[in-house]
Amino acid sequence: MHAIELEGVSRAYQKYSARHRFQTFKSAIVKGDFFRSLKPDELVTAVDGVSLQVEKGTTFGVIGSNGSGKSTLLKLIAGIAKPTAGTVKVEGKISALIELGAGFHPEISGRENVSINGIMLGLTKKEVQRKFGEIVRFAELEDFIDAPVKTYSSGMYMRLGFSIAINVNPDILLVDEVLAVGDAAFVPKCLDRIDDFRRRKKTILFVSHDLATVAKICDRVAWMKDGRIRMIGDPKRVVDAYLQDVAAAQEEEFRERMRAAPAPGAEAAGGSGEAAAAEAGEAEGAGREKRWGKREAEIRKVVLRGLSGEEKHVFHPEEGMTVELDVVARESLADFVFGIGIFNSLGTLCYGTNTQIEEWEPVSLSGEGKASCRIEKLNLVNGTYYLDVAVHRRDGYPYDYHHNLYSFLVSSTLRDEGIVRLPHRWAFSPDIRLKPPEK
Amino acid sequence: MKRLAANLRELYKHRLLIRTLVGRELKARYRGTILGFFWSFLNPLLLMIVYTVVFGLILNPRDLAIGDTAWLYALYMFCGVLPWTWFSSSSLESANVLMINGNLIKKILFPAEVLPVVTVTSNLLNFLFGLPILLAFVPIMGKRFTVYALFLPVVILVQYVFTLGFSLLISALTVHFRDIKDVLANLMTFWFFSTPIIYSLQMQALQRVPWVKTLLALNPMTHVVEGYHSCLFYGELIHWKKLGVTLLVSLVLFWAGYAVFDRLRDSFPEEV
């Protein structure tokens, strides 16, 4: 038995405002010609030929990046938007948590808003009266229920909205990313209530960016991209596929950015002699804090690679990374040190080292060459990191210092915190029992 | 026609929602004011006093069609202004109502036609709150009630249907043509003077230009306001034929307004 059934559902929106849709006011009125047929280039297809079934009593998740059509899909199911093509079939009473507290009137009290909102969502007067206590209790607003809603904080507002919507007692609950506003105490309460729904064999459609929750509570998950369903099935598999896609997109974006704004100094590359170096040094006067040094030895290019050699900017914490420097020495040098430093987005140095600290003895540097540092395992937590690379004299005099000019991303589903991820393993004596994470 | 019947059934199904929202409108309107609901009486009372002073004592017009005292002229005006206020504020508010409540249309499954209906109905209630002031002034200003005053509900009904039709049309069209809001504000001034509110169709000057009279007769609000005059000011039987035709016109407007509303309904969630 299906609670929700979509059959080739599409929804197109116009790119421009309504004014372009009509030929003239006159033709609209006289001919009754309200809708001119639109050219395809004036349309944006938010949902494109989506077919899916949701079994009664299951929890169905929808994930995808912003603008992938998730919310439009939800509105189509809720009946708020009409499909341009295809059919939407829904079995049972729907309550949609698309925007909490939509329809609250700021001037009147919470009490009156509860009854009005309840009626808007399809309750009768009696039902509202019966559920009133429960609604207020769940929202934890006993002391404020007679105050006008305009005096509520945004948290109170959303708690009341959620509490009403969930007490409408629908057969199908549509949840659209509304839990993002709640505080640490209220969100688990809401999730509890959603769990309760699951136990009572109601159907839930859950749109969220919180992939961990989606993977945990959903029976099946659909991943939407550009208005189409890319994948549908087991939550863990779909979430993983989505994450891989996101990582690939981030990688692409990093490359794009590198191409658009090449590392400073690249344009000076190829120049030789003191004059060129001085000129380059001057040209970079504005970005002095980013790069400095007289460039007796110059770092021409910095490439981040995965351990198998491919160029890369998005890493998993368990992955390794190679920092590769292309170096050119304008004169023969016998005193030089290579160093790297990794900073997190707060500017904290996570790790820094150089050849001097590790007691490498410089012998000679001349002409072109490559220096690389291989990090076996990054062991960093989620986030963006910035890289310093430098070549300098042992007394600290810089030949070429690049400060935070390169960045990379560490991305994983784990939400551990701190500066580094220390390699670790949990162990418990037999009387403490935990279920290990699924791998 | 079948569509209209279905729509009316739908409206009836949402009567609880309409009632609740009308209550909310009225409550919110005077929320935070010290006098509260008393304003519903006070506003027309003050208006009445202003008219009496300005038109009764200062301008001091005399026309046998209305009466020979200043008080009578003020009463005559008030008879027309009160229902006119109901009509014009309903129309002007309707032009905005879908946009103001865009959240409801966009975020929850909500029958949009409820909104203009609520606007017109809450303004009707405001009119009804002001009516006792008008009724009280009829004897004070020296007129006597006749049994024909009992036809007042008929006139109110005709105006309700007409205003509903107009508001449905305006609210739906304004979503697509935002200019209507500004056009309407000007149209209302023009319409006000095209309705026998500050003058009477029986005035001497009008008898000399019959084509103007014909034009004025084409305005449905003319017959509605005349209806109020008949019931309360002249104390005579309402003009059945004219009011009957007006009711017919109102029903057609209601049907047309609802049809346009229906036609545009699906575009509201993305346009408001």
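These legends describe close-up views of a predicted model.

**View 1. The open sheet of chain A.** Six strands of chain A make up an open sheet, ordered β5-β6-β7-β3-β8-β9. Their pairing is mixed. The edges are held by β5 (94-97) and β9 (228-233) of chain A. Each has a single partner strand, so one side of each lacks a neighbour in the sheet. On average, neighbouring strands of this sheet are turned by 15° against each other, direction ignored.

View 2. Strand β6 (residues 172-176) and strand β7 (residues 203-207) of chain A run parallel. Five bridges join them. One residue to look for is A:D176, whose bridge partner in β7(A) is A:V207. Helix α6 (residues 186-199) of chain A packs on the sheet. This helix touches β3 (59-63), β6 and β7 of chain A. The direction of α6 makes about 140° with that of β7(A).

View 3. A:R305 lies in strand β11 (residues 297-305) of chain A. Its C-beta atom has 16 others within 10 Å, so A:R305 counts as partly exposed; a buried residue would need 20 or more. Leaving aside residues up to four places away in sequence, A:R305 touches A:E310, A:E311, A:K312, A:T322 and A:E324. A:A241 is 64 residues from A:R305 in sequence. In space, the two are 23 Å apart, C-alpha to C-alpha.

**View 4. The contact between chains A and B.** Chain A brings 25 residues to the contact, and chain B brings 24 residues. On the side of chain A that touches chain B, helix α3 (residues 110-120) of chain A gives the most, with five residues. By class, this side of chain A has 16 nonpolar, four polar and five charged residues.

**View 5. Helix α12 of chain B and its cover.** Helix α12 (residues 240-264) of chain B has 25 residues. From first C-alpha to last, α12 reaches 36 Å, close to the 36 Å expected at 1.5 Å a residue. The buried residues in α12(B) are B:L243, B:T246, B:L247, B:S250, B:F254, B:G257, B:Y258, B:V260 and B:F261. An α-helix has 3.6 residues a turn, so residues three or four places apart point the same way. Among the elements that cover the buried residues of α12(B) are α1 (2-13), α7 (152-176) and α11 (220-234) of chain B.

Key:
Residues numbered from 1 in each chain as written. Chains lettered and ligands numbered in written order. Predicted model: local features only at pLDDT ≥ 70, side-chain atom pairs only at ≥ 80, totals over all residues. Helix = DSSP H or I, 4+ residues; strand = E, 2+ residues; numbered from the N terminus. Expected span 1.5 Å × (residues − 1). Buried ≥ 20, exposed ≤ 12 C-beta atoms within 10 Å, placed from the backbone. Contact = placed C-beta atoms within 7 Å. Nonpolar A, V, L, I, M, F, W, Y, C, P; charged D, E, K, R; others polar. Pairing = 2+ DSSP bridges. Axes fitted to C-alpha atoms, helices over the stretch in contact; angles between N-to-C directions.
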